[in-house]
Amino acid sequence: MASQDPITASRFSITIDGYEIAAFSELKGITTEVKPVEHLESTDKELVLKKLPGKREPAIVELVRGKTTDMALWAWHEAVLQGDIIAARKSCSLVMYGVDGKPVARYHMEHAWPSQVKIGGLKAGANEVLMETVTIVCETLQRVAV
């Protein structure tokens, strides 16, 4: 794949300390944001209103997967629910894999924690997959080399 080719991925995972704790079929999105602040600057002739970078918002990563019986992701979220800030905030990676199973992109997250786990609806007897959506918030998110 050339460096200018768009990234395609068939699977996404969250790894902590080198261990994959959860795999996902969908990345809904990664959001990073810096709030603009207004700055009034005076020149000899006029006042100029400028917008400058201000407060950085925490990065948000939203992932979707078929619900599994594995408890690692829920245990991490449980630490958040219990208010155990030390156990809840972790350094981890979001890894994107191509159809060949090789990583195509990697993001490193510092002080990450699952702020929301949403389990979709399901009818009894249906042949549908129970879906789980996880929102992870982190202080810093950095794109790193594959």
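## Cysteines

The sulfur of Cys138 lies 7.2 Å from the closest cysteine sulfur, in Cys92, which is too far for a bond. The model is predicted, with local features requiring pLDDT of at least 70 and side-chain atom pairs counted only at pLDDT 80 or more, while totals for chains, interfaces and linings use all residues. Residues are numbered from 1 along each chain as its sequence is written, and side-chain values use heavy atoms, with hydrogens and water left out.

A disulfide is a covalent bond between the sulfur atoms of two cysteines. Here a disulfide is taken as a pair of cysteine sulfur atoms within 2.5 Å. Cys92 is in no disulfide, its nearest cysteine sulfur being that of Cys138. Cys92 is buried at 2% relative accessibility, and Cys138 is buried at 1%. Buried means under 20% relative accessible area, exposed over 50%, and partly exposed in between (1.4 Å probe, protein chains only).

## Salt bridges

How many salt bridges does a search of the whole structure find? It finds eight, a salt bridge being a side-chain nitrogen of Lys or Arg within 4 Å of a carboxyl oxygen of Asp or Glu.

Arg65 lies in strand 4 and Glu132 in strand 7, so the pair ties together parts that are 67 residues apart in sequence. Arg65 is buried, with a relative accessible area of 4%, and Glu132 is buried at 2%. Arg65, Lys67 and Glu132 are linked in a network of salt bridges.

Glu139 is partly exposed at 38% relative accessibility, and Arg89 is partly exposed at 32%.

In the remaining pair of the table, Lys35 is partly exposed at 36%, and Glu33 is partly exposed at 36%.

Helices (H or I, at least four residues) and strands (E, at least two) are DSSP runs, numbered from the N terminus. The buried residues of helix 1 (residues 72-81) are Leu73, Trp76, His77 and Ala79. They cover an arc of only 150 degrees around the axis, which puts them on the same side of helix 1; the arc is that of the directions from the helix axis to the C-beta atoms. Gly83 follows helix 1 and has a positive phi, near 80 degrees.

Contact means heavy atoms within 4.5 Å; the lists below leave aside neighbours within four places in sequence. Thr135, in strand 7 (residues 131-138), is buried, with a relative accessible area of 10%. Thr135 is in contact with Ile60, Val61, Glu62, Trp113, Pro114, Ser115 and Gln116. Gly29, in strand 3 (residues 26-42), is in contact with Ile60, Val61 and Glu62. The C-alpha atoms of Gly29 and Met71, 42 residues apart along the chain, are separated by 24 Å.
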